[in-house]
Amino acid sequence: MKTEEPLVSGPGLEMDTMFVNLGPQHPSTHGVLRLGLTLAGEVITKAFPDIGYLHRGTEKLMETRSYHQCVVLTDRWDYCSAMPNNLAFCLAAEKLMAVQAPPRAQALRVITCELNRIASHLIFLGTYGIDIGAFTPFLYAFREREMILDLYEALCGARLTYNYIRLGGVASDVDADWTAKCREFLEFFKPRLDEYDTLLSFNPIFLARTKGIGVIPKETAAAWGLSGPNLRGSGAAYDVRKSEPYCGYETYDFDVPLGETGSCWDRYFCRVQEMRQSVRIVEAALAALPGGDLMAKGIAKLPKPPAGEAYAHVEASRGDLGIFLVSDGGTAPYRLHVRAPCFINLAILQDILVGKKVADVIAVLGSFDIVLGEVDR
Amino acid sequence: MKPDPVARLLAALPRAESAASPVKDYPTLRLAAPADILAAARILKDELGFAYLEMVTAVDWLGPVSLAGFVSSANPSPFTKKAPPPPVAPAAGAGIAYRPVLDMLWSFGNLQTGQKVFLRLEVPRDNAEVPSLTSLFAAADWQEREAFDLLGVRFSGHPNLTKILTPDFLKGHPLRKDYAHEKDAYDED
């Protein structure tokens with residue numbers, strides 16, 4: 001299945017174009033994203049993603065709220081994977097306050113973030129299957145995701161917006177029962193990954209729809225600022241967990257899966273392999289879970305970090321999530337900027353959709369795994 | 001061997017200086033004039049391998065944020081009779097030099113070495129204009145549009161400098177400290 005160049009120029013080939021709105025209410029846009037597509041026949045000649053439908057101005061809201069209250073707002077960016085959002089904000093604020101979470105809290109942060117990566121990639125796997133026309137994997141993926149959400153519910157009472165990672169540590173401790181359940185899940189989950197490969201990854205129809213479609217070369221991916229599995233699917237080995245380890249990631253042994261060509265399938269398969277690595281990390285973290293405090297000493301109820309600027313970034317499920325935080329010594333952040341991976345990943349769409357056929361739009365869009373809550377913030 | 005971006009940039013741009021208050025733990029360079037950003041970005045990208053534009057944003061240093069920019073109703077919750085305490089305007093920080101400038105911030109990354117460098121530049125608030133980096137980094141496209149929309153920085157040379165996050169009818173730039181919300185059709189009474 002090769003995409004064709006649009007035949008819109010040349011004598012006798014003038015063709016009427018048609019404008020098509022995809023979204024903002026469309027099941028395959030994964031939220032409120034509108035794509036304005038100009039078509040010549042079946043081929044796209046111009047595409048513009050229209051965003052902002054979910055813009056809540058969280059960066060502005062945080063300017064009047066205390067640092068503890070801000071953590072709650074961070075959950076609402078990437079609501080499919082809220083733990084890394086909590087973490088990125090807390091790391092930036094902790095940098096300003098010059099405190100560090102105790103070892104047990106750091107290990108719990110790693111465990112919860114990696115479980116969240118699995119849960120988030122499972123949503124991707126399921127919904128991407130649906131986008132392409134394979135309904136069944138969705139049911140399997142959500143069965144496993146449900147188990148992770150149950151673990152979260154037992155841990156912090158919430159299934160989606162956790163507010164679990166707090167300034168200076170984490171909110172609650174795990175007990176032997178929880179770790180046993182977590183291990184049980186990991187043992188259950190490992191063979192499921194092979195099942196997904198037979199169900200979806202190497203399904204001939206799925207391969208025909210995704211392999212060689214939406215190819216992004218390495219340099220292009222870097223130029224557009226892609227991050228996370230979208231960048232690694234193009235073969236660039238950039239992972240914040242490796243380049244700037246945080247929360248003790250340098251002590252865990254894991255690989256960074258890379259794609260070969262940067263096609264939709266490479267981005268997809270990168271995520272499937274990442275789930276294996278996350279399982280490895282969680283297993284290692286559970287095995288070496290240190291004892292001790294959950295909270296660093298000296299975190300005030302109304303923290304006033306000293307004036308200064310800090311940047312912290314984490315490898316969130318969807319890419320490099322960065323928080324730039326400015327304090328003027330007050331109780332609320334003076335300014336907060338989110339380097340939102342979904343927002344930056346989405347920009348390339350206007351470029352790579354041109355020349356594709358309409359049928360490929362959903363395959364390409366789905367392969368970026370966007371969450372509009374983070375795109376619009 | 002890892003290249004030293006700050007030394008190379010300081011050699012090429014004599015008016016630039018290492019920032020007095022850097023972004024914690026990262027090399028930060030303060031530029032002297034808007035024209036320098038293009039030259040600096042070109043050196044970073046072509047010579048030093050910083051081909052990854054991570055972030056474009058700005059900080060408005062006018063002073064504590066004005067509450068006029070927030071929409072609030074007395075009791076937004078249908079579940080409680082008691083209204084939450086009204087938002088409190090943040091107090092001015094002691095010893096902070098508030099001034100009518102937008103402090104621009106660019107962050108460049110080197111994917112091979114994992115290094116990062118921040119560039120800063122102060123531009124006046126009422127006429128904030130800097131050159132666009134879209135000719136060098138495609139990633140600048142949307143990030144500059146975001147800074148234009150929310151902070152009112154104009155990026156000269158940007159091919160499509162339009163609003164991106166806020167609705168078309170919204171006036172002003174919400175992340176500016178003196179932004180005041182104007183009532184529109186979507187506000188409750």
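**Ground rules.** I number residues from 1 along each chain as its sequence is written, and chains are lettered from A and ligands numbered from 1 in the order in which they are written. For this predicted model, local features need pLDDT of at least 70 and side-chain atom pairs count only at pLDDT 80 or more, while totals for chains, interfaces and linings use all residues.

**Overall look.** I found 15 helices and eight strands in chain A; these are DSSP runs numbered from the N terminus, helices being H or I of at least four residues and strands E of at least two. The C-alpha atoms fill a box of roughly 75 × 50 × 35 Å along the principal axes.

I then checked burial, where buried means that 20 or more other C-beta atoms, placed from the backbone, lie within 10 Å of a residue's own. Buried residues make up 53% of the 377 residues in chain A.

**Helix α14.** Next I looked up α14(A), residues 358–367, and eight of its ten residues are buried. Among them are A:Ile362 and A:Leu365. What covers the buried residues includes β1 (17–22), β2 (34–40) and α4 (103–132) of chain A. After the helix comes A:Asp369, with a positive phi near 55 degrees.

**Strands β2 and β3.** I followed β2(A) to its partner: seven bridges join β2(A) to β3(A), residues 43–50, and the two run antiparallel. Strands pair if DSSP finds at least two bridges between them. A:Arg34 has A:Asp50 in β3(A) as its bridge partner. Two residues lie between the strands of this hairpin, and A:Gly41 takes a positive phi near 65 degrees there.

Notes. A residue is buried if 20 or more other C-beta atoms lie within 10 Å of its own, exposed if 12 or fewer, and partly exposed in between; C-beta atoms are placed from the backbone. Two residues are in contact if their C-beta atoms, placed from the backbone, lie within 7 Å.
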